[in-house]
Amino acid sequence: MCRIFGHFDAQATPNELRAVAAAQRHGGPDAQTHRCGPGWALGNNRLAIMDLDGGDQPYTLGRDIIAVFNGEIYNHNELREKLRARGHHFTDTCDGSVIPALYAEYGPDFAEHLDGMYSIALVDLRDEPTLWLVTDEVGMKPLYYHWDAARRHLYFASELPALLSFRNVRATPWEGGLDAYLATKTPFGEQTMFEGVRVLPPAVTVKVTREGGLRTTTRAVTGAARSPHCSEPEAAAHVLDLLRTETHRLTEADVPVSAITSGGLDSSFVTVLAAEKVRDLHSFNIAYTGTWPSDERAFAREVAEYAGTRHHQVEIDPATFPSLLSDVVWHLGQPNADPITLSTHALFAAVRDAGFKVAITGDAADELFGGYDRIYKAVHAPFGTDWVPAYVEALAAVPSTLRERLYTSDYRSFVADHGSVSEEIAEELRASTEPDTMSTLTEFEIGRRLPSYHLRRVDHLSMSASVEVRLPFCQPSVVRYARTLRAGLKVADGKRKRVLYAAADGRLPASVINRPKQPFTLPVTAMLQPGQALMEYARDLLAPSRLRRRGQLDPQQVEALFQAQATAPNDRASMAIWSLMVHELWLEQFCSAIPAQRVLDDRVPEVAV
């Protein structure tokens, strides 16, 4: 696991490259290396997980094929044996060292042979110099880039602050970003909150040459018909087999492996399966000092006792949230309205401090198996009714009617003239060629929302603490099978994730199986109240003088929001305040005379483990 960066057909000084590397050093503290040639550079920050003494990047084959890599390739041993049979030699057993030889054998189709999570940059100097960028089929390892089409210059990096450390990449806010962010909690697809900065989607191979410019090819990933398993017991047995196989595979590392255990179904199931393979597995759960709603520590402890793990109960003090939030927003590089970001950042810092560089999590099960209420309601909408508006509204951080009230008249006009992201998503869903509602939603949740909203957050906040997250639910075998399941095996009879619950039945404590679904998040409504540190911080960030500078939010309407929350605290008002606060903090950090770089010392407020 690493961070990568570079440029092609462009220029960057040695100091620039050092600044870029420094901006994402937390994601690869074990080594920082780069290689340059006329008009190109490839760089790497290494987090050593496999072959701790080998694995030096960039990987090379002769003088003409050079590659850098972020992620894990789980089938590297099988690939290495096949490549040896074809005459290739390897000096180490690091997973990424197979990449140049694999490219030499298969050309740009080399990614078809990879099983894992990855973003890869490879320069081929034979004939016309060519840069290849490749992402995995789910989008677990983000790669941001700036393409100057006029000059044919490309810059890329694993994290936004690092990319912005190139002097030719500007931190200019996207004017439509505020509405898009409030409509979906973070920008979806390739769009970022910065003009001219994009992120590669899943399953793409990008070719960049001086003559041909930038060309993107999307690799086919579905490739499966409807599941042959018609009955719930059959499908559940297959899901169990897939998850057990993938979880066991993902415990293989040359460093200790841990598990994140929230106390819900998904992470608990993965913890139990990992404990089958890892002796003396350590599990981690996070909670908040004091008494707050939705505390899950009792469920997590019960799962730990059931699985026989060595359990770490992490606690953070809400008084530290203002200082913690600043670091969270910086590491994410753009707003994400989910309050879970604070918990995630602090949790992985505790995992690192306990001596672990790898953590297995249960992320992505809801997208794959229909765990969200919005999915259930859409699938079970009365026949002949339009389910799309309610589904799109459920994606929002701030409801559309409230968004419109919060905007200034000028910004309302801008959104009306340019169209809202909500309208674009609605059109996309209605234009789907999938055979039914469940298939349409599955493709949207996995292909559009999961990489943008969920996986980038998990990647950036785990790597901010130098921890590699491994995701059994995102493994290709699990994702492909989940795509084939009919709606009745996911959402039916008032239940969500039916087949996953059936697979876990008898393998988890009954209290976890039978408990109501509860999001793993921060109790924001309780914490955004008068007298709480978070409320005072929000008022400072959303002061009228700040809001008037940007001209997008109406200070009077924002004040009315604060008054409503103070008088009768509720989820709608508190989520709106939280979302606006995060957005304003992002503007302050990145778009107000942003310095060339900001390198954190990777400290977070103290936590108790």
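## The parallel sheet

In what order do the 5 strands of the open sheet with parallel pairing stand? In this predicted model, the order is 15-14-13-16-17, and the pairing is parallel. From one strand to the next, the twist averages 30°.

At the end of this order that is formed by strand 17, the partner is strand 16 (residues 358-360), which runs parallel to strand 17 and is joined to it by 3 bridges. Within this pairing, Val358 stands opposite Glu468 in strand 17. Helix 7 (residues 265-277) lies across strand 13 (257-260), strand 14 (282-288) and strand 16, and runs at about 155° to strand 13.

Nonpolar side chains tend to be buried together in soluble globular proteins. Here the largest nonpolar core has 140 residues, and those with the most contacts inside it are Phe269, Leu325, Phe369, Phe473, Leu500, Trp578 and Met581. Helix 25 (residues 571-590) supplies the largest share of this core, namely 12 residues.

## Packing of helix 10 and helix 17

Two packed helices are described by the angle between their axes and by the distance between those axes. For helix 10 (residues 340-353) and helix 17 (residues 437-463), the angle is about 35° and the axes are 8 Å apart, while the crossing of helix 10 past helix 17 is right-handed.

On the side of helix 10, the residues that meet the partner are Ile340, Thr341, Thr344, His345 and Phe348, and in helix 17 they are Arg457, Leu461 and Ser462. Sorted by class, this contact has 3 nonpolar, 4 polar and 1 charged residues.

Strand 5 (residues 65-73) is mostly covered, with 9 of its 9 residues buried, and it pairs with strand 4 (residues 59-61) in the antiparallel sense over 3 bridges. These two strands form a hairpin with 3 residues between them, and Gly62 in the turn has a positive phi of about 65°. In this pairing, Leu61 stands opposite Ile65 in strand 5.

Strand 5 is also joined to strand 6 (residues 116-124), by 9 bridges, and the two run antiparallel. Here Glu72 stands opposite Met117 in strand 6.

## Leu143, a buried loop residue

Leu143 lies in the loop between strand 7 (130-135) and strand 8 (144-148). Is Leu143 buried or exposed? Leu143 counts as buried because its relative accessibility is 0%, whereas the cut-off for that class is under 20%.

Leaving aside neighbours within four places in sequence, the residues in contact with Leu143 are Ile4, Ser119, Leu133, Phe156, Ala157, Ser158, Arg198, Val199 and Leu200. For one of these, Val199, the separation from Leu143 is 56 residues in sequence, while in space the two are 5.7 Å apart, C-alpha to C-alpha.

Methods. Residues are numbered from 1 along each chain as its sequence is written. This is a predicted model: local features need pLDDT of at least 70, side-chain atom pairs count only at pLDDT 80 or more; totals for chains, interfaces and linings use all residues. Side-chain values use heavy atoms; hydrogens and water are left out. Helices (H or I, at least four residues) and strands (E, at least two) are DSSP runs, numbered from the N terminus. Buried means under 20% relative accessible area, exposed over 50%, partly exposed in between (1.4 Å probe, protein chains only). Contact means heavy atoms within 4.5 Å. Two strands pair if DSSP finds at least two bridges between them. Axes are lines fitted to C-alpha atoms, for helices over the stretch in contact, and angles run from 0 to 180 degrees between N-to-C directions. A crossing is left-handed if the near helix is turned anticlockwise from the far one by less than a right angle, and right-handed if clockwise. Ala, Val, Leu, Ile, Met, Phe, Trp, Tyr, Cys and Pro count as nonpolar, Asp, Glu, Lys and Arg as charged, and the others, Gly among them, as polar. A nonpolar core is a set of buried Ala, Val, Leu, Ile, Met, Phe, Trp, Tyr and Cys residues joined through side-chain atoms within 4.5 Å.
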